[in-house]
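User: I've got this one open on my screen and would like to go through it piece by piece. Can you start wherever you like?

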Amino acid sequence: MNRHVQSPLPVVNINGEEAVVTSAPYKRLSGVLRDEFGLVGTKIGCDAGDCGACTVLVNGEPVCACLTAVGQVNGAEITTVEGLKANGSLSRLQDAFLQFGAAQCGICTPGMLMSAVALLASSAAPGRAEVEDALGGVLCRCTGYAKIVDAVLFAAGSNSVPVIDASGSAVGKPLRRVDGRSKVSGHEKFGADSIPANALMAKLVRSPYHHAAFEFGNISRFVENHPGLVAVMTAEDVPGVNLHGVIPQFADQPVFAEARTRFRGEAVAMIVGEPDAIANLSIDAFPVSWTELPPVLACAEAMAAGAPLLHETRAGNVLVEGLVQKGDAATGLNSAVHVVKRSFSTPFIEHAYIEPEAGWAVRDGDTITIHASTQAPHMDRDAMAAIMDLPADQVRIAPTACGGGFGSKLDISMQPYIALAAWKLNRPCGIVYTRQESMRSSTKRHPSEITLKAGCDAQGRITGFDFKGYFNTGAYASWGPTVANRVPVHASGPFHLANYRAHSVAVHTHCPPSGAFRGFGVPQSAIAQECVFDELADAAGIDRLEFRLINALDDGLPTATGQVFASGVGIRACLEALQEPWRQATGRAGDFNSGNLHVRKGVGLGTCWYGCGNTSLPNPSTMKIGITGDGQVVLHQGAVDIGQGSSTVMVQIAADALGVPAEAISLQSADTAITPDAGKTSASRQTFVSGNATRLSGEALRASILRHANVSGNAVIGIDGQTLVITDGASERRIDLGKLPADTEGYVFKAQETYDPPTTPLDENGQGSPYAVFGYGAQMMELTVDTRLGTVRLDRLTAAHDVGRAINPLLVEGQIEGGVAQGIGMALMEDFKPGRTENLHDYLIPTVGDMPEVKSIIVEVPDPHGPYGAKGLGEHVLIPTAPAILNAIRDATGASVRHLPATPDKVLAAIREGSANG
Ligand code: FES
Ligand code: FES
């Protein structure tokens, strides 16, 4: 970077070194830092000043580099995350981020760090409020902010951190993330961060209408008239099937639409060219003519007689229906003493990961390699093989770091385009979605319209439960079938209901495809169930927590699908963990309210259960672990870590299964050419399913080493350089690994094992055993409502979650806090409207200022199937939050908000209407 200073061009000092900027002065500083100076630690999440991911210091002040023209910083000192290390070591602040688990996916981490550095430079001992203020401009979608704030306070010297004893068993310890160092140093490479300098870039032409017909004009002339463009590709250029879908039998989404588009943002063509030509290209010049067609945007419209069909084979625009019924719901309701019937609705929810879709592909002979941000490398490989008409072994998916997924990056997005361009043009090709096109084209949480009628007897025992839900599944199937099938299984909540009926319908509309988003429809159904339970408890005159205990599922009681667990049902333990906090919180609220008329406090409960893994389908995961001739223990861990911590969890499990310290294990992360198929990162399956595969592999490797050493199962394995030291009682065996024959991968000992959870199919009434393991939770929200304004302030959330066994308690807390933040967004602010809220300015997600104090209670009711008793957690933590908030608003005001989000206008309207807005 030591360029010389004699130039009319802007001169800046970047991380202590002078640099001449050759980019045009109007260029964004963020892009210049990344593209001209290779400082890709500065992230771009929106290019509009909304996310703060691009925060750098200019003369010590934090600025959004995306809103700063490089010409404005002539002569300035600029500090980026790469400049934070002192003498090659992490700074105290960076180390604190590691210690507290403040980085999950890590995409927001550089922006957070830079904001915190500026604060710490100006305030020696900031308080929590000051820290929250300083971080308020940077969005994080993963962490819920608490651990970030704690880390900054620790770095400032104003809070303490427990010392971790890393000796002995790794399972159960709050160890630092094994992949954390690159996240806090700015060296983690996300989808946009390693596109080769010689790569072409691609830009997509997308439909501006919900529903449209289109025709192309003279594409060749368009390319000729734009120097630097290399090619335009359309459906005709797809060598294999022009379709994809995460469930192969429902694959219905074209790579490029043909003649007609079914949602705003659907791609019809790809323009490929040199990076500058693509960056400067106005898409408006592309020769395509559109004819807008009438759309159907809501379920009722789409199901009405005469509505345009999105897919000819799906009558009434119904994609799929799900049903679970047991006993007789109607008879049970007839016998009830108290009956409540309510309707609820929830909108589209955007995943809003801070990393827009990005990646690059390269052709190497007969193989196409795709480096992209994904949650499901092996699924991507199989989909891409069909699209490219290649055998699967000629498609390699080598994922980049994933800057948040939450379910949406299970579906392929940009992968076909970069692969197609790289394959056909025989040059690497990259793509980086803009924030707007990410939000337009990616999958969403299904909007829901739910009616629930439930009744109980005088003692509060539920006698009948009848649920009907319509789910707007958008233009293409994506995970719609999964949502439709999962909801009826879970709509009961973690309760024992003898007379039960739940029917769900997934309906196509001309909206973006609805897919997987943390909970697969269960957060929507839980709102209905939990809010109706509160009203029933009140009608029966029973304490709301007691009401849930009366009906709680237990060991030996059948679920709604008739599944009976002999052990491991943890909802009662979670509710019991909340009993004392509930007593105290309701007392506090009562005391406050007795002296306040307009500002009211409320306390609300929500519960959850969630089956870990696929519903009644095979769900295997395979892990491999080996020891090289020079004593390296390598875990081939294909369970993509999207921030939740699966890499760390697998290392902890492998360490205990093999009987070595966690730091002895190195990691080979997901790559379809190197790691076996661990399945997708979804449905809270990795700790349970892949954790079991890891445990089995570690145990198998241990067994083969002990067999080779001819010692007992109690022997202790030590590693001393390239020598294994096996101690069995008083005897010691030494194995010189360098003298053993190595296989083609360099391993002298190796084991690979697969785990597939035992499930059974559901019959026509939805009866069966769809999951081997459920996780459970209960949350309590304390909040304050200003009844004159309708504003809601969240005071404190107490979350009790049964994880079976906390493999890493620090990561468990991080998951809870992050899930709660997303639940808060769902309850109070998030509302994606196609064409209207396609950016992070109009689509609001919680900032640090929106978060209450979150107190996590880790409950451990071991599951017999789980590795060391562990259950999944990722989806569960979001489910109870929104109902707990709605129930607390009702507790505070007597008013029910049943149509989300509960924005101040809706809260105010509900207060004014009393509780009769349903
Ligand atoms: S990228 Fe600059 S604020 Fe989002
Ligand atoms: S860790 Fe903050 S966005 Fe992922």
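Analyst: Helices (H or I, at least four residues) and strands (E, at least two) are DSSP runs, numbered from the N terminus. Before going on: this is a predicted model, where local features need pLDDT of at least 70 and side-chain atom pairs count only at pLDDT 80 or more, while totals for chains, interfaces and linings use all residues. Residues are numbered from 1 along each chain as its sequence is written, chains are lettered from A and ligands numbered from 1 in the order in which they are written, and side-chain values use heavy atoms, leaving out hydrogens and water.

User: OK. How many bridges join β23 to β31?

Analyst: 13, and the two strands run antiparallel. Two strands pair if DSSP finds at least two bridges between them.

User: And what's the strand order in the open sheet of four strands?

Analyst: The order is β23-β31-β32-β33, with mixed pairing. β23 and β33 (853–859) are the edge strands, each pairing on one side only. On average, neighbouring strands here are turned by 15 degrees against each other, direction ignored. Axes are lines fitted to C-alpha atoms, for helices over the stretch in contact, and angles run from 0 to 180 degrees between N-to-C directions.

User: Which strands does α17 lie across?

Analyst: β23, β31, β32 (791–802) and β33, with α17 running at about 170 degrees to β23. Helix α20 (residues 809–828) packs on the sheet too, touching β31, β32 and β33, and its direction makes about 130 degrees with that of β33. Contact here means heavy atoms within 4.5 Å.

User: Switching to α16. How many of its residues are buried?

Analyst: Six of the eight residues of α16 (residues 544–551), so the helix is largely enclosed by the rest of the structure. Buried means under 20% relative accessible area, exposed over 50%, and partly exposed in between (1.4 Å probe, protein chains only). The buried ones are Arg 544, Leu 545, Phe 547, Arg 548, Leu 549 and Asn 551.

User: What do the buried residues of α16 pack against?

Analyst: β20 (448–456), β21, α15, α17 (571–594), β23 (599–611) and α21 (881–893).

User: Where's His 496?

Analyst: In the loop between α14 (480–490) and β22 (500–508). At 18% relative accessibility, His 496 counts as buried. Among the residues His 496 touches are Arg 461, Asn 551 and Pro 558.

User: Why is β22 largely enclosed?

Analyst: Because eight of the nine residues of β22 are buried. β12 (residues 318–326) pairs with β22 in the antiparallel sense over eight bridges, while β21 (residues 462–474) runs parallel to β22 and is joined to it by nine. Ser 504 in β22 is the bridge partner of Gly 322, and Gly 469 also stands opposite Ser 504.

User: Now helix pairs. At roughly what angle do α11 and α12 cross?

Analyst: Roughly 50 degrees, with the axes of α11 (residues 377–388) and α12 (residues 415–425) coming within 11 Å. The two are therefore oblique to each other; angles under 35 degrees count as roughly parallel, over 145 as roughly antiparallel, 65 to 115 as roughly perpendicular and the rest as oblique.

User: Which residues make the contact?

Analyst: Asp 380, Met 384, Ile 387 and Met 388 of α11, with Gln 415, Pro 416, Ala 419, Leu 420 and Trp 423 of α12. By class, that's seven nonpolar, one polar and one charged. Ala, Val, Leu, Ile, Met, Phe, Trp, Tyr, Cys and Pro count as nonpolar, Asp, Glu, Lys and Arg as charged, and the others, Gly among them, as polar.

User: What about α3 and α5, which residues meet there?

Analyst: Met 112, Ala 116, Leu 119 and Leu 120 in α3 meet Ile 148, Val 152 and Ala 155 in α5. That contact has seven nonpolar, no polar and no charged residues. The axes of α3 (residues 109–122) and α5 (residues 146–155) come within 11 Å and cross at roughly 35 degrees.

Note on methods:
Lists of a residue's contacts leave out its neighbours within four places in sequence.
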